[in-house]
Amino acid sequence: LVERLAWALELAYTAGVQQLDAYVGAVLTNLARHGLLDETLFVLTADHGEALHREGLDFHWTHGLQLAPEV
């Protein structure tokens, strides 16, 4: 059951990454279309990944209300 949950969560995560990639691509395309790409500093940050699959955490698939020391 845990393996099936892990598979489903990883699939959902991958779909989310692909959707975010499409959104970022649309923003960059629109900036270029309007001649603003060379004048734009585009920064993308994230707060996930450090705690995934880490032993000893309450939540292995999200940080919930806890943060990893690296964060």
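Predicted model: local features only at pLDDT ≥ 70, side-chain atom pairs only at ≥ 80, totals over all residues.
Residues are numbered from 1 along each chain as its sequence is written. Local features need pLDDT of at least 70 and side-chain atom pairs count only at pLDDT 80 or more, while totals for chains, interfaces and linings use all residues, and side-chain values use heavy atoms, with hydrogens and water left out.

**Overall values**

| Property of the protein | Value |
|---|---|
| Secondary structure | 1 helix and 0 strands |
| Buried share of the 71 residues | 8% |

Helices (H or I, at least four residues) and strands (E, at least two) are DSSP runs, numbered from the N terminus. Buried means under 20% relative accessible area, exposed over 50%, and partly exposed in between (1.4 Å probe, protein chains only). Accessible areas come from the Shrake-Rupley method with a 1.4 Å probe; for residues, only the protein chains shown count as cover. Of the contacts (heavy atoms within 4.5 Å) between residues at least 6 apart in sequence, 12% join residues at least 24 apart.

**Helix H1**

Helix H1 covers residues 2-33. Its 32 residues should span 46 Å at 1.5 Å a residue, and the end C-alpha atoms are 46 Å apart, which agrees; the expected span is 1.5 Å times one less than the number of residues. Ala6, Val24 and Leu31 are the buried residues of H1. Just after H1, glycine 35 has a positive phi of about 70°.

Leucine 28 lies in H1 and counts as partly exposed because its relative accessible area is 32%. Leaving aside residues up to four places away in sequence, leucine 28 touches Leu37 and Phe42. Its C-alpha atom is separated by 9.5 Å from that of threonine 40, 12 residues apart along the chain.

Leu28, Leu37 and Phe42 also belong to a nonpolar surface patch of about 630 Å², together with Leu20, Tyr23, Val27 and Leu44. Patches are made of residues with over 30% relative accessible area and no salt bridge: like charges are joined within 9 Å, nonpolar side chains (Val, Leu, Ile, Met, Phe, Trp, Tyr) within 5 Å. A salt bridge is a side-chain nitrogen of Lys or Arg within 4 Å of a carboxyl oxygen of Asp or Glu.
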